[in-house]
Amino acid sequence: MELRDSITSLKGVGDKKAALLEKLNIRTVRDLIYTFPRKYEDRRHVTKIIQAPQEEDVLLEVTVSSVKQPGPYFRKAPLKVFCEDDSGSVEVLFFNAKYLSRYFYRGQELTLYGKISFNNGRRQMAHPEFHKRGDKDDLRGLFPVYPLTEGISQAQMRSLQLQALPYHSLISEWLPERIVDENNLCPPSYAVTNIHFPKEERRALEGRYRLVFEELLILQTGLFYIKNGVKTNSKGVKLKKSVKVDQFLNSLGFKLTPGQERAFREVEKDLEDGQPMNRLVQGDVGSGKTAVSELAMFKTVKCGFQAVMMAPTELLAKQHIKTLKKDFEPFGIRCELLSGGMKQKERAALLSDLEKGDVQILVGTHALIQPDVKFHKLGLVVTDEQHRFGVEQRNLLTEKGEDPNVLVMTATPIPRTLAVILYGDLDISVIDTLPEGRKPVRTFLRYDESRGKIYDFVRDKVKEGRQAFVVAPLIEESDALNVRSAEEIYEELSAKYPDLRVGLVHGAMKQKDKDDIMIRFRDGDIDVLVSTVVIEVGIDVPNASVMVIENSERFGLAQLHQLRGRVGRGSQQSYCILVSSSKSGVAQKRNEIMVSTNDGFVIAEEDLKLRGPGEIFGTRQHGIPELNVADLVRNADILEKVRGIAQDIIDRDPGLSEPEDLELRERIKRLFGENISLNL
């Protein structure tokens with residue numbers, strides 16, 4: 001008997017059921033044991049029939065008063081079992097279950113578990129779980145509820161987990177004694193048994209704490225190992241301390257904010273220490289991350305190396321190259337754009353100059369990672385809006401140099417607790433101040449009945465010389481959803497504003513058409529731009545001062561914040577108006593958070609509470625493994641605790657080669673799988 005035994009070694013699991021279980025990633029007994037319940041059904045307390053709430057699962061103790069079988073001419077009629085206790089009666093229905101008629105008889109004592117509903121004044125229960133009272137398979141207790149796949153029922157999963165109970169004794173303690181004692185951890189076999197079949201809630205909580213603790217410790221130690229490996233296994237591109245950026249900084253025409261200064265000091269220290277830099281610079285929309293990356297690129301080029309910047313869209317890449325050319329060409333630094341739509345001859349000439357070193361800074365999208373893009377001496381890789389790229393794409397770009405420095409920028413504020421996981425291989429700098437002269441965007445929540453006044457306000461602002469965005473959740477009208485579409489709003493506003501220039505842009509348009517519209521809006525040829533979320537990460541339009549978001553209840557907090565970030569980029573006061581069709585629930589909570597703060601990090605924390613990390617960032621996209629039992633939001637306190645322990649382990653044993661760390665090393669390999677190459 002071993003944990004690695006095939007799942008087919010359990011009774012009742014043949015090839016067919018094994019194939020179904022494989023959909024749940026269950027191939028061995030160990031896989032089964034580590035498939036934990038997602039919740040429990042509390043079946044410890046008996047409810048009287050008359051006190052049972054509607055549409056909630058309840059446990060009843062009843063006596064059968066009569067059984068009514070479906071007649072020969074009413075085959076589709078249900079089997080009816082009439083039951084009672086000393087408070088009232090309930091009609092129990094079983095559809096397509098004539099075979100059960102022989103099971104029930106008058107005077108029989110049963111335990112039922114299910115939902116009660118009312119039909120014509122009668123209490124009914126359809127297809128409850130049932131057992132003879134006193135059976136060894138009675139329904140009382142805390143019952144685990146497992147993730148399932150079609151063809152596997154809860155009863156079958158519980159039966160398999162019961163069969164696997166003897167295997168629990170094979171799970172031995174693997175953590176060092178000092179960690180177990182200092183953190184008051186129960187043994188792993190006790191934890192596993194009591195997370196599956198707890199006799200009481202306290203035991204389930206003890207077991208879950210142990211399993212969450214060890215899973216987060218494995219995750220965090222693995223991430224520290226990766227970061228440590230990046231730093232110790234490579235020499236990196238070391239820049240000279242004597243090369244200063246003061247001349248370039250003075251040419252920009254503005255003073256760095258305290259947040260920018262701090263971020264660049266951290267970046268510059270990395271660039272000069274000889275280890276490959278892997279740093280994330282995160283800051284709200286408009287906080288000045290690009291200026292920090294420009295300083296890093298300037299220093300890199302002046303030290304004889306090349307730099308590359310990867311942007312998520314061609315529009316953003318074009319915006320970057322325009323800024324870089326303006327700022328760098330006075331210093332004799334050649335900046336070029338590698339575009340997907342370039343002619344072959346033009347592309348070949350550019351790539352030839354790049355390989356010779358005549359192009360110092362290259363900007364582009366995914367086109368940059370093509371095999372024929374070769375650098376002469378790549379020293380710095382900058383990626384913008386990192387969450388839109390997978391880890392593999394970033395690595396492919398990095399591999400075009402000999403351990404170049406890596407600078408990652410994101411305008412998507414990420415709570416630090418989540419950032420250290422999502423970007424576990426990166427050091428983190430935060431720009432938490434806005435440039436001087438920027439005014440916070442004033443945000444208002446309004447409802448459908450105020451739409452007329454809202455669009456009068458938009459007209460007034462346009463007449464003052466400003467521009468406005470109007471964002472809709474859909475491109476076209478939908479019969480299924482009662483929301484306003486971009487096309488509907490465009491037609492409405494075109495009629496309402498005959499004297500204004502109204503434009504429309506959405507995701508179904510060709511990229512060239514989208515870019516043309518955005519450029520016309522940027523250049524002031526369009527007054528009001530109606531759009532879908534295609535403009536969430538888009539071109540910089542400092543003159544746009546009004547953002548109207550229709551059906552704001554249809555957007556997530558992070559999206560709302562990104563959309564609001566499209567305005568407030570100039571010196572004038574800007575406004576964001578949320579037009580909602582809902583006054584309740586999570587949507588209302590999101591709207592209220594938006595009105596109450598402009599702080600992206602506060603918004604990100606609230607978004608995390610409302611949605612959880614899995615919905616905000618696809619963990620696979622980041623190369624972070626799926627967690628089995630831990631929750632990065634609810635278990636943030638445990639995560640903070642294990643970070644210190646994981647750091648101590650890596651400081652003491654960087655290669656995880658000491659005897660007491662070998663099992664941890666194996667578990668890291670098992671958790672990360674193929675998501676991240678650990679070189680273990």
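Predicted model: local features only at pLDDT ≥ 70, side-chain atom pairs only at ≥ 80, totals over all residues.

Modeller: Take glutamine 260: leaving aside its neighbours within four places in sequence, glutamine 260 is in contact with Lys255, Ser287, Gly288, Ala291, Val292 and Ile431.

Colleague: Where does glutamine 260 lie, and why is glutamine 260 called buried?

Modeller: Glutamine 260 lies in helix H8, residues 258-272. The relative accessible area of glutamine 260 is 3%, and buried means under 20%, so glutamine 260 is called buried.

Colleague: What makes the approach of glycine 288 to glutamine 260 a polar contact?

Modeller: The backbone oxygen of glycine 288 is 2.9 Å from a polar atom of the glutamine 260 side chain. The cut-off for a pair of N or O atoms is within 3.5 Å, and 2.9 Å meets that distance.

Colleague: Why is helix H17 described as largely enclosed by the rest of the structure?

Modeller: Because six of the eight residues of H17 (residues 557-564) are buried. They are Leu557, Leu560, His561, Gln562, Leu563 and Arg564.

Colleague: How do you know how helices H14 and H15 are arranged?

Modeller: Two packed helices are described by the angle between their axes and the distance between the axes. For H14 (residues 451-463) and H15 (residues 486-496), the axes come within 12 Å and cross at roughly 60°. Arg451, Tyr455, Asp456 and Arg459 of H14 make the contact with Ile489, Glu492, Leu493 and Lys496 of H15. By class, this contact has three nonpolar, no polar and five charged residues. The crossing of H14 past H15 is right-handed.

Technical notes. Residues numbered from 1 in each chain as written. Heavy atoms only, no water. Helix = DSSP H or I, 4+ residues; strand = E, 2+ residues; numbered from the N terminus. Buried < 20%, exposed > 50% of the residue type's maximum accessible area, 1.4 Å probe, protein only. Polar contact = N/O pair within 3.5 Å; in protein donor to acceptor, adjacent residues only side chain to side chain. Contact = heavy atoms within 4.5 Å. Axes fitted to C-alpha atoms, helices over the stretch in contact; angles between N-to-C directions. Left-handed = near helix turned anticlockwise from the far one by under 90°. Nonpolar A, V, L, I, M, F, W, Y, C, P; charged D, E, K, R; others polar.
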